[in-house]
Amino acid sequence: MNTLEYENLYERKSHVSPQFPYNTYLCSIPLDFTLVPAHWHNDVELIVIKKGTGIIAVDMEPQTVSAGDIILVRPGQIHSISQHDNDTMEYENILFRPDLLYSQNTDLRTLEYFDLYFNPEYNLPWHIDHSNSCHKKLAECINAIDTLCGERPRYYELSVKGYLFQFFYLLFSCQESPVYSTGRKSLDKVKKMIAYIEEHYMEPISVQSAADYMGFSNSHFMKFFKQNMHTTFTSYLNHYRLTIAGRLLLTTDDNILVISEKTGFNNLSYFNRLFKQYFHMTPREYRMK
């Protein structure tokens, strides 16, 4: 998987097939990328750590994760993945649409269970490690699905859905009752803020223009951004622009100067320097690789 999968903070790209909306990617940090910027989408996402250690944040809450951990991202939740110190991390990224589990004609009890779980107004555990009493059985469900998707026998989709229902049965059985999220308004502001970056990254935007858009003073905006994104506005903007630049290098024949300008960098030497810091290679080397 490469950076084009994370083009937008609100991802419009579909990760799943309309025939069977379930897909899996294998990824590595920092081999594939050093950072997956904060973004959200309408799919359910399972992140299964295979090797190493990294940092995953869900709704702006970062946690260190390691081999065996399972991360569950609900639709609409802001999430990001980054490197922990100099460690590497290999992980499986699973995405599927919620309507794989239920439709409007589903029985009322199933609707009740999933409607509550996928409601972003509630805080629910998202980091499942070996201390969770259901971890082993949850991991067994994922392994069984991986085997089915690898071999794809006839009617395998029915069995995949069966294991997904078993997965959520175990998850619901092991967790505490959901708690109403008092910080939802802040998360909505974060979504508005990063959507502004998505729409204007190719322009010479500044702290001032972003603060004006949010209706904040410069000082309040910088403080709010740092508290919620755990980085500065300029650093985040550069990371996002470089992620888009990596995509353009892989998917277009535009020369490097054009790509730097398309992603908001008006100084080619500055773009080259930042790109090498982010990808550990020059733009030309990245395209050739």
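The model is predicted. Start with the whole chain. It has 289 residues, and 49% of them count as buried. Its secondary structure consists of 10 helices and 10 strands. The chain exposes about 14,500 Å². Carbon and sulfur atoms supply 50% of that area. Now look at the contacts between residues at least 6 apart in sequence. Of these, 73% join residues at least 24 apart.

Next, find strand E7, residues 89-96. Is it enclosed or open? Seven of its eight residues are buried, so E7 is largely enclosed by the rest of the structure. Buried here means under 20% relative accessible area.

Which strands pair with E7? One is strand E1, residues 22-29. E1 and E7 are antiparallel and share eight bridges. To see this pairing, find Thr24, which stands opposite Ile94 in E7. Another partner is strand E3, residues 44-58. E3 also runs antiparallel to E7, and eight bridges join the two. Here Lys51 stands opposite Glu90 in E7. While you look at strands, keep one general point in mind. In a regular strand, side chains alternate between the two faces of the sheet.

Now move along the chain to Pro120. This residue sits in the loop between helix H1 (108-117) and strand E8 (122-123). Pro120 has 30% relative accessibility, so it counts as partly exposed. Where is Gln77 relative to Pro120? In sequence, the two are 43 residues apart. In space, their C-alpha atoms are 7.3 Å apart.

Finally, turn to the cysteines. A search of the whole structure finds one disulfide. It joins Cys134 to Cys174, with an S to S distance of 1.5 Å. Cys134 lies in the loop between strand E9 (127-128) and helix H2 (135-151), while Cys174 lies in helix H3 (residues 156-174), so the bond ties together parts that are 40 residues apart in sequence. Are the two ends buried or partly exposed? Cys134 has 9% relative accessibility, so it counts as buried. Cys174 has 28%, so it counts as partly exposed.

Cys141 is in no disulfide. The nearest cysteine sulfur belongs to Cys134 and is 9.8 Å away. Cys141 has 5% relative accessibility, so it counts as buried.

Conventions: Residues numbered from 1 in each chain as written. Predicted model: local features only at pLDDT ≥ 70, side-chain atom pairs only at ≥ 80, totals over all residues. Heavy atoms only, no water. Buried < 20%, exposed > 50% of the residue type's maximum accessible area, 1.4 Å probe, protein only. Helix = DSSP H or I, 4+ residues; strand = E, 2+ residues; numbered from the N terminus. Pairing = 2+ DSSP bridges. Contact = heavy atoms within 4.5 Å. Areas by Shrake-Rupley, 256 points an atom, 1.4 Å probe, with all protein chains shown as cover. Disulfide = S-S within 2.5 Å.
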